[in-house]
Structures are given as structure tokens and as C-alpha cells.
Amino acid sequence: NDPQNCYRTDLLFKIYAFYKYIFFRKGPATTLGCENTAFKRTGLLPNNKSTDLQLHFSPAYLTQWDKLCEIAGLSSENGSQFDYNAPMETKYGITFIPILLQPSSRGEITLASKDCFDYPIIDPHYLEDPYDLELLKTGFKISRKIAKSKPFEPYIGDEITDKFINHPPESDEYIEEYIKKCALTIYHPTSTCMMGDINDEMVVCDNKLRLKNIDNLRI
């Protein structure tokens, strides 16, 4: 009965959140932003016996396409899912975030020039392997299933869909286009190379970032 979007950034809301927390220990300042997380082994790859999908749950409406584009340095010319002119009460919501834990796509980093101050060319090849897209589609469908479960019935209305995608929201085509349009990295892309004992054949550099078998070169 008291919906609050914990990701609003205006000063008035911050004052309200601070007051409610200090005096009542309630309100949006009591949340970490990501209330729950779950891990799942989907079995899409027969030989993969480890967890390959993570789900985050946030008590806030995070589908602000223009803001996501701004964060990611992408163009938002395809249009915004988010109606900034809508009344505030229509902006309350929750968000499920499926996360690909073990992508099969492999990116590459190449030098742009001989100048060490030039930024390298980074191409992550996101979703190049069809498995990655299938896994995120699975996460999308699991999120929908959870959202439609009985415990959520009193709290969730209709799904907020992207009006710029010309496919029915329940179709695989819609889900694929939504993923390709909206997917972003999540905080900590890792592991371009392994650091450790230089005698380990899998190690690329030591703990001082010195590259193995090449003199005077650090990563």
C-alpha cells in the first residue's frame, strides 16, 4: 500500500527516505536494491554440471532504456521503453534480472596502434554463440513464471513491455529482440587471463602482472 521506488535520485525523495529510515527504520533506505538472488543449472548444455544462470530481484522499476544506454555508452535512437511524462504512480514496479554466468561467446582485445596511450580495441562478441541467447531466453521465461506465481498476485500488475518491438510479448521473437536490445554487462566482467604461480601452465602473468616468458612487459 506504500509503494516506493528505491532508485529515485531527486533530493526531496532522498530527504524523505532518510527521515523514514532514521525515525521509523522503514522505507526505501532499508533495501540494498537487490533483495533476493537465485542460482539455477538450466541443463541447456549436457556436459555443463555447474550453475549457469543467476536471477536478481529488485523492488524497483529499472527498465529505463535511455538511462541504460547512457550508462553503457550506447545510442538510444531505437526509442525509449520508459515514459518519463507518465504520472509517478505508474512508474512503480519490480524488476527481475536474468544473468548469464558462463557465457560461451568469446571476445577479443587488440591493439589500436603502437602508441601505449591509445585505448585498445575491445570487441566482447556478446551473444555471438547461440547458447548465450538461449540461456538468457530461459532466464526471461523463468522470471515471467515467478512473476505470475500465486505469492506475487497481490503485488504485481501487468508486465511492462517494449512498445517498439513488433512482436507479441509472449513470442520467442519478442524475447530475443528484447534481449539483444537491452542486455548489458553486470558490474564485473572478469578473467581475460589467469594470474598466479608462474610455473602453472594456465597462468599468464605473476602477482606483479609480469607477462610470462616475455621480458619487460606487464599487463
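**Salt bridges, sheet and surface patch**

In this predicted model, the side chains of Lys-137 and Asp-172 meet in a salt bridge, with N and O 3.6 Å apart; the term denotes a side-chain nitrogen of Lys or Arg within 4 Å of a carboxyl oxygen of Asp or Glu. Lys-137 belongs to helix H3 and Asp-172 to helix H4 (residues 172–182), so the pair ties together parts that lie 35 residues apart in sequence. Helices (H or I, at least four residues) and strands (E, at least two) are DSSP runs numbered from the N terminus. Residues are numbered from 1 along each chain as its sequence is written, and side-chain values use heavy atoms, with hydrogens and water left out. Because the model is predicted, local features need pLDDT of at least 70 and side-chain atom pairs count only at pLDDT 80 or more, while totals for chains, interfaces and linings use all residues.

Lys-137 also meets Glu-134 in a salt bridge (3.2 Å, N to O). Both of these residues lie in helix H3, three residues apart, about one turn of the helix. Lys-137 is buried at 5% relative accessibility, whereas Glu-134, at 37%, is partly exposed, as is Asp-172 at 32%. Here, buried means under 20% relative accessible area, exposed over 50%, and partly exposed in between (1.4 Å probe, protein chains only). A network of salt bridges links Glu-134, Lys-137, Lys-141, Asp-172 and Glu-176.

The structure holds seven salt bridges, one of them between Arg-144 and Glu-159, whose closest N and O atoms are 2.9 Å apart. This pair links distant parts of the chain, with Arg-144 in helix H3 and Glu-159 in the loop between H3 and H4, 15 residues away. Arg-144 is buried, at 14% relative accessible area, and Glu-159 is partly exposed, at 39%.

Turning to the strands, an open sheet of three runs in the order E1-E2-E3 with antiparallel pairing, where two strands pair if DSSP finds at least two bridges between them. Strand E1 (36–40) and strand E3 (95–100) form the edges, each pairing on one side only. E1 and strand E2 (residues 53–58) are joined over five bridges in the antiparallel sense, and Ala-38 has Leu-55 in E2 as its bridge partner.

Finally, Tyr-21 sits in helix H1 (residues 11–24) and is partly exposed, with a relative accessible area of 33%.
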